[in-house]
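Here is a friendly walk through the model shown below. Keep the structure open beside the text as you read.

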Amino acid sequence: MTSLLHLDASARPEALSRRVGAALVDALRARDPGVDYTYRDLAADPVPHVTQAWTEICENLMRDQITDLSLLHLGARTASQKQAWRTVEPLLRELIDADLIVITTPMYNYSVPSSLKAWIDQVTFPRMNLAERRFAVVAARGGSYADGSPKAPYEHQVRYLSDVIVGHFGVAEPEVIVVELTNARVDPLLAHRLDDHVASLEAALVAARRLGARLASGGPR
Ligand SMILES: Cc1cc2nc3c(=O)[nH]c(=O)nc-3n(C[C@H](O)[C@H](O)[C@H](O)COP(=O)(O)O)c2cc1C
């Protein structure tokens with residue numbers, strides 16, 4: 001592995017998703033100091049929403065059946081489309097150039113924050129294939145959405161990201177690390193779950209360090 005793209009999306013600088021993601025990335029870089037590292041803070045430096053011109057690029061690509069990653073720029077033809085491409089180009093370049101993409105995200109209203117969704121919208125084109133790349137997702141949420149729990153059907157955070165990564169980008173299932181019950185730190189009605197949250201956070205930090213070491217160059221795939 002030579003190239004890592006690290007995306008944070010939480011509105012909170014002290015976010016738990018950021019903290020666990022940093023543990024993963026630190027462990028990876030400690031094992032592989034030569035890694036080519038790119039970082040984006042999607043909350044502090046938001047990506048704009050797609051515009052009409054962006055949708056026209058997308059339609060040009062569909063109409064002309066252009067899916068080759070190196071040819072997607074050919075969808076930008078008019079002045080406004082070329083202007084829209086200037087936003088896409090650096091984001092897409094970072095994604096294409098990465099071997100490993102680490103995405104950290106809070107759960108906002110059962111899904112991912114709009115900051116992350118805006119990035120996904122900008123870089124996702126019809127039938128694009130990112131084979132050979134790997135994704136790791138670190139997700140934090142206030143409640144519990146564990147399999148079998150009452151809220152499990154509301155889980156549109158990791159499930160959504162997995163659907164995009166596997167179903168659209170055509171790559172392997174992402175590695176996933178989840179921190180649950182973070183609201184127990186502040187919500188008196190969840191205070192009885194604080195120990196469960198602390199255990200979840202500790203397990204996530206251990207898993208993140210292990211995963212970072214495993215994903216470093218030379219680690220098993
Ligand atoms: C706008 C907003 C919406 C939220 N929606 C949910 C939600 O639907 N379900 C949930 O379990 N927690 C929800 N939370 C709580 C966050 O998921 C929780 O604070 C989590 O720790 C945020 O991740 P972070 O620590 O990485 O910032 C929400 C928080 C905010 C600010």
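Let us start with the ligand. The residues of the shell around the ligand divide into seven nonpolar, seven polar and two charged. In this count Ala, Val, Leu, Ile, Met, Phe, Trp, Tyr, Cys and Pro are nonpolar, Asp, Glu, Lys and Arg are charged, and the others, Gly among them, are polar. Of the 16 residues around the ligand, those that come nearest are Ala-15, Ser-17, Pro-106, Gly-142 and Thr-182; a residue is near a molecule or strand if its C-beta atom, placed from the backbone, lies within 6 Å of it.

A word on the ground rules. This is a predicted model, in which local features need pLDDT of at least 70 and side-chain atom pairs count only at pLDDT 80 or more, while totals for chains, interfaces and linings use all residues. Residues are numbered from 1 along each chain as its sequence is written.

**The strands**

Helices (H or I, at least four residues) and strands (E, at least two) are DSSP runs, numbered from the N terminus. Two strands pair if DSSP finds at least two bridges between them. Strand E1 pairs with strand E2 (residues 36-41) and with E3, and E3 also joins E4; the table gathers these pairings.

| Strands | Sense | Bridges | Residues opposite each other |
|---|---|---|---|
| E1 and E2 | parallel | six bridges | Leu-7 and Arg-40 |
| E1 and E3 | parallel | five bridges | Leu-5 and Ile-101 |
| E3 and E4 | parallel | seven bridges | Thr-104 and Val-138 |

How many residues of E3 are buried? Seven of its seven residues are, where buried means that 20 or more other C-beta atoms lie within 10 Å of a residue's own, exposed means 12 or fewer, and partly exposed is in between, with C-beta atoms placed from the backbone. In a regular strand the side chains alternate between the two faces of the sheet. In E3, Leu-100, Val-102, Thr-104 and Pro-106 point one way, while Ile-101, Ile-103 and Thr-105 point the other way, and all are buried. E1 is mostly covered too, with five of its six residues buried.

Helix H1 covers residues 16-31, and its 16 residues should span 22 Å at 1.5 Å a residue; the end C-alpha atoms are 23 Å apart, which agrees. The expected span is 1.5 Å times one less than the number of residues in the helix. Among the buried residues of H1 are Leu-16, Ser-17, Val-20, Leu-24 and Leu-28. The cover over the buried residues of H1 includes strands E1 (3-8), E3 (100-106), E4 (134-140) and E5 (175-179), together with helix H6 (194-215).

Helix H2 (residues 52-63) has twelve residues and reaches 16 Å from its first C-alpha to its last, close to the 16 Å expected. Its buried residues are Trp-54, Ile-57 and Leu-61. Seen down the axis of H2, these fall within an arc of 55 degrees, so they line one face of the helix; the arc is that of the directions from the helix axis to the C-beta atoms. The buried residues of H2 pack against helix H3 (79-97). On the face turned away from the buried side, H2 carries the exposed residues Gln-52, Thr-55, Glu-59 and Arg-63.

**Positive phi values**

Most residues other than glycine have a negative phi, and most peptide bonds are trans. Just after H2, Gln-65 takes a positive phi of about 55 degrees. Arg-127, in the loop between H4 and E4, has a positive phi near 55 degrees. Leu-181 sits in the loop between E5 and H6, with a positive phi of about 60 degrees.

**Two residues and their contacts**

Two residues are in contact if their C-beta atoms, placed from the backbone, lie within 7 Å. Ala-118, in helix H4 (residues 114-123), is partly exposed, with 18 other C-beta atoms within 10 Å. Not counting residues up to four places away in sequence, Ala-118 touches Pro-46, Val-47, Pro-48 and His-49.

Tyr-154 lies in the loop between E4 and helix H5 (158-168). With 15 C-beta neighbours inside 10 Å, Tyr-154 counts as partly exposed. Tyr-154 touches Tyr-110 and Tyr-145, again leaving out residues up to four places away in sequence. The C-alpha atoms of Tyr-154 and Ser-111 are separated by 8.6 Å, although 43 residues apart along the chain.
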